[in-house]
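Take a look at the protein chain below.

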Amino acid sequence: MSGHSALRAEAVVDLDALRHNVALLAERAKVPVMAVVKADGYGHGAVQIAKAALEAGATWLGSCSAAEAVDLRKAGIEAPILAWLYAAGEDLSDAVAAGVDLGVSSLDELRMAEGAPIHLKIDTGLNRNGCSAEQWPELVRAARDHDVRAIWSHLASADEPGNPSVDRQAERFEWAYEVARAEGLEPMRHLANSAATLTRPDLAYDMVRVGIAMYGLNPVPRHEDLRPVMTFRSSVAGVKRIHAGEGVSYGHTWIAERDTTLALVPVGYADGVPRGLSGRLEVFVAGQRQPVAGRVCMDQIVVDCGDDKVSPGDEVILFGPGDRGEPTAREWADKLGTIDYEIVTNMYRPRVRRRYLGAR
Ligand SMILES: *Cc1c(COP(=O)(O)O)cnc(C)c1O
C-alpha cells in the first residue's frame, strides 16, 4: 500500500473556522458559552470539537445523552458538561460518577440524577421535555436539598426573529426563576440557543448554549460572519465517454442529450449523499460545478462533465463553505426541504473518514 490512502469520502473539519465562530459567539453573548456537541458534534466529531471550542473560550459543554457526556470525560475533558435527555428509568450512575451535570425535568429524573449537580428545566412552550408550569413549584421544592446549579429552558422559534413566542417563553422563564428564588434557590439561568444568541442578546442570562452557529451554519435570515466548518470531499474514481442517447444510473432517469464525459465518484447514500437529491444534485469537480446524472446510488454517483477535461484523482467537493462557488450544506437542505443541521449530522457514519485542520 502507498503511504496515503486514496480519497473516497472525507469530511474535512476546519477547527480554525470553529474557533473563529466560538469567539464571535462569545463576543456577542458577553456571558459564558456552552458548546453543544451532541450527536458526535453535529457529525463533526464531539471530542475534537469540544477541545477546540474550549480553546476558543467556551467554558461548558452540552451533550444530549449521559453516555455522550461520559465519552467526553473518557477522552480526558474536564470542563463542566451538561446532559439532558434520558430514556425512562435510565441508569445515570456512570454520568454521576464522572461529574456530569444533569438536566432534570421531573421528580423521576430528580431521583435518577441523585448525587449530580442539576439544572432544573422548565417547559416554557416548546412542549418537549422540561417540567410543566403546573408541576414546577413541586419540582423546585423537592430539589431544594439538591445542588441546583441552574434553571433553564429551550426556545421553539428563535430562528424567526420577531416571533412573539420568544417573548412569551422568556416571560414564563422569568416566572419560573421567581418561583425558584422564593424557595431559596440561587440558580444561574440559561435559555438561548444559537439563533437567540445572535438576535436576542437580552436573553443571554448567565450562559448561552450554542450549537449550529458554532459549526458555521447560520440559523437566522441575516448575514453573520460565520465560517462553515465542514467540507465533504471525494475524488474522481474513473472517467468514461458516452454517446448521445445513452441512459445513466438505475432506471435510466437521465439520458445523454449529446456525447459527454462522465466522472464516477465513489460516494452514495451510504456516505451521506441523500438519494432524494437524485436529478438535482450538483458537485464541484476540478473547480467547476457540474450536474450529477441520474440517481444517487448506495455507493456512487455519476457526474456529467460535458466536454470539460476531467481525470481520475481530481478533487470532488460535495459541499463546503461556498467561497469558491461549491455547493453548501444549506443548498442541499433547501433542495430537500430540510435544515442544514440534518445534512451535517448525517455525516456521522463509519464510511466517511474525518480529517481535522488546525488541530493543536
Ligand atoms: C441542540 C440544543 C441546543 C443548540 O441548538 P442550536 O440551534 O444548534 O444552537 C441548545 N439547547 C438544547 C437544549 C439543545 O437540545
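## The whole chain

Of the 360 residues of the protein chain, 52% count as buried. This is a predicted model. The chain holds 11 helices and 19 strands. Its C-alpha trace spans about 80 × 45 × 35 Å along the principal axes.

The protein chain exposes about 16000 Å². Carbon and sulfur atoms supply 49% of that area. Residues 24 or more positions apart account for 65% of them.

## Two helices that pack

Two packed helices are described by the angle between their axes and the distance between the axes. Here the pair is helix H1, residues 15-29, and helix H3, residues 46-55. They pack at an angle of about 50 degrees, and their axes are 9 Å apart. That angle makes H1 oblique to H3. The crossing of H1 and H3 is right-handed.

Which residues meet? From H1 come Leu15, Leu18, Arg19 and Val22. From H3 come Gln48, Ile49, Ala52, Ala53 and Glu55. The residues of this contact divide into 6 nonpolar, 1 polar and 2 charged.

Ala39 is not a glycine, yet it has a positive phi of about 50 degrees. Look for Ala39 in helix H2, residues 38-42. Ala39 counts as partly exposed because its relative accessibility is 25%.

Asn127 is not a glycine either, and its phi is positive at about 60 degrees. Asn127 lies in a loop. The loop runs between strand E6 (118-121) and helix H7 (136-142). Is Asn127 buried or exposed? Its relative accessible area is 63%, so Asn127 is exposed.

## Ser157, a loop residue

Ser157 sits in the loop between strand E7 (148-152) and helix H8 (164-182). The relative accessibility of Ser157 is 14%, so this residue counts as buried. What does Ser157 touch? Leave aside its neighbours within four places in sequence. Then Ser157 is in contact with Asn163, Ser165 and Val166.

## Glu246, between two strands

Glu246 is found in the loop between strand E11 (238-242) and strand E12 (247-248). Glu246 counts as partly exposed because its relative accessibility is 43%. Its contacts, apart from neighbours within four places in sequence, are Trp254, Ile255 and Ala256.

Now pair Glu246 with Glu183. They are 63 residues apart along the chain. Their C-alpha atoms are separated by 75 Å.

## Thr261, a strand residue

Thr261 belongs to strand E14, residues 260-265. With a relative accessibility of 10%, Thr261 counts as buried. How many residues separate Thr261 and Lys240 along the chain? The count is 21 residues, and the C-alpha atoms of the two are separated by 5.7 Å.

Thr261 has a list of contacts, not counting residues up to four places away in sequence. Among them are Val239, Lys240 and Arg241. The list also includes Val303, Asp304, Cys305, Gly306 and Val310.

Terms used:
Residues are numbered from 1 along each chain as its sequence is written. This is a predicted model: local features need pLDDT of at least 70, side-chain atom pairs count only at pLDDT 80 or more; totals for chains, interfaces and linings use all residues. Side-chain values use heavy atoms; hydrogens and water are left out. Axes are lines fitted to C-alpha atoms, for helices over the stretch in contact, and angles run from 0 to 180 degrees between N-to-C directions. Helices (H or I, at least four residues) and strands (E, at least two) are DSSP runs, numbered from the N terminus. Angles under 35 degrees count as roughly parallel, over 145 as roughly antiparallel, 65 to 115 as roughly perpendicular and the rest as oblique. A crossing is left-handed if the near helix is turned anticlockwise from the far one by less than a right angle, and right-handed if clockwise. Contact means heavy atoms within 4.5 Å. Ala, Val, Leu, Ile, Met, Phe, Trp, Tyr, Cys and Pro count as nonpolar, Asp, Glu, Lys and Arg as charged, and the others, Gly among them, as polar. Buried means under 20% relative accessible area, exposed over 50%, partly exposed in between (1.4 Å probe, protein chains only). Accessible areas come from the Shrake-Rupley method with a 1.4 Å probe; for residues, only the protein chains shown count as cover.
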